[in-house]
Amino acid sequence: MHGIFYDPTHDEIVVPVALGGAVLTLPGGADGGAPPLRVLQGAKTGLVQPDTLYVDVPHDEMIVDSGDDSVLVFNRTASGDVAPIRKLGGPKTRIRNIYGMTVDSLHNLIVIANRVDTGGRESEDGILIFNRTDEGDVPPRAVIAGPHTGIIKIRQVVVDEERGHIFATIKNNFENYALADERPSPWNPDKTGFIGVWSIADNGDVPPRGVIKGPATGLIWPAGVAINPKNHEVYTIDSVSNALFMFHMPELFQKPSATSDGAR
């Protein structure tokens, strides 16, 4: 198991189980061998190897990475072998390998950390943004990807809904890419990762509006990310140092400037 979500409104812990092709919902106070409140599993669900999920409490929905390059949307309380109410996937969506996703309930968006890993120089790793109610094989409304973004090996995303900011953890390491030393990039001279911040209105090959990066940060391969907008704090787990990092970054919690590069 890699993903987990806590729903404070209903005091529930929701966990995707990749090897079981299931989603478990447990009470917040579960202990020991307490059984789950709900088990979502079976052929009708479309769950293959779910790895990450997000509970959209305001809309009473749950979005789940199916494990086969698609996003499944269920009613929050779905249980048993039931079909999703919506499915988002197909060539036009550009969804390939979901490493993280979140819902911006305020702006009705789904934001996906998409990792392609082509094995060559032309990585298409990036951030895909869809309308929350999109379904079927439809193109994203925006794609943040390209050499100026610095996105290589994206990991997780979270949205500051009030300010319209996307925070993403980027491993930014070339170990699986051919001709790595020949690919110019202003973001990775030392091959370490960073936390980048984009606007939900960004689209295309645009650099981050803010970055946490460099030797002083201690970051090498940041993985998970969480934010505390009230206190202007960013939290991340680094998968090399196995440490929790907490940054006080008021400058990253400002209202974004005008939209950039053809945002729709």
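Is Arg76 buried or exposed? Arg76 counts as buried, at a relative accessibility of 10%, where buried means under 20% relative accessible area, exposed over 50% and partly exposed in between, with a 1.4 Å probe and protein chains only. This is a predicted model, in which local features need pLDDT of at least 70 and side-chain atom pairs count only at pLDDT 80 or more, while totals for chains, interfaces and linings use all residues. Residues are numbered from 1 along each chain as its sequence is written, and side-chain values use heavy atoms, with hydrogens and water left out.

**Salt bridges**

- Side chains of opposite charge can pair when their charged atoms come close.
- A search of the whole structure finds 8 salt bridges, each defined as a side-chain nitrogen of Lys or Arg within 4 Å of a carboxyl oxygen of Asp or Glu.
- One of them joins Arg76 to Glu12, with the closest N and O atoms 3.3 Å apart. Because Arg76 lies in the loop between β7 (70-75) and β8 (86-89) and Glu12 in strand β2 (residues 12-17), the pair ties together parts that are 64 residues apart in sequence; strands are DSSP runs (E, at least two residues), numbered from the N terminus.
- Glu12 also counts as buried, at 9% relative accessibility, and a network of salt bridges links Glu12, Arg38, Asp60 and Arg76.
- Glu61 and Arg132 meet through their side chains in another salt bridge, at 3.2 Å from N to O. This pair links distant parts of the chain, with Glu61 in strand β6 (residues 61-65) and Arg132 in the loop between β11 (126-131) and β12 (142-145), 71 residues apart.
- Glu61 is buried at a relative accessible area of 9%, and Arg132 counts as buried at 11%.
- The side chains of Asp160 and Arg163 form a salt bridge with an N to O distance of 3.1 Å; Asp160 is buried at 3% relative accessible area, and Arg163 counts as buried at 14%.

**Largest pocket**

- The largest pocket has a volume of about 600 Å³. On a 1 Å grid over the protein atoms alone, a pocket is an open set of points where a 1.4 Å probe fits, with protein on both sides within 12 Å along at least five of seven lines; grid points are joined across faces, edges and corners, and the volume is the space filled by probe spheres set on the points.
- Its lining, made of residues with an atom within 4 Å of a point, comprises 26 residues, of which Ile4, Phe5, Tyr6, Leu53 and Tyr54 lie nearest the centre.
- At least two lining residues come from each of β1 (5-7), β5 (53-56), β9 (98-104) and β13 (154-160).
- By class, the lining has 14 nonpolar, 8 polar and 4 charged residues, with Ala, Val, Leu, Ile, Met, Phe, Trp, Tyr, Cys and Pro counted as nonpolar, Asp, Glu, Lys and Arg as charged, and the others, Gly among them, as polar.

**Nonpolar surface patch**

- Ile237, Leu244 and Met246 make a nonpolar surface patch of about 310 Å², where patch residues have over 30% relative accessible area and no salt bridge, and nonpolar side chains (Val, Leu, Ile, Met, Phe, Trp, Tyr) are joined within 5 Å; accessible areas come from the Shrake-Rupley method with a 1.4 Å probe.
- Met246 lies in strand β19 (residues 243-248) and is exposed, with a relative accessible area of 58%.

**Positive phi values**

- Asp60, in the loop between β5 and β6, has a positive phi of about 55° although it is not a glycine, and counts as partly exposed at 36% relative accessibility.
- His232, in the loop between β17 (222-228) and β18 (233-238), has a positive phi near 60° and is likewise a residue other than glycine; at 24% relative accessibility, His232 counts as partly exposed.

How values were computed:
Helices (H or I, at least four residues) and strands (E, at least two) are DSSP runs, numbered from the N terminus. Patches are made of residues with over 30% relative accessible area and no salt bridge: like charges are joined within 9 Å, nonpolar side chains (Val, Leu, Ile, Met, Phe, Trp, Tyr) within 5 Å.
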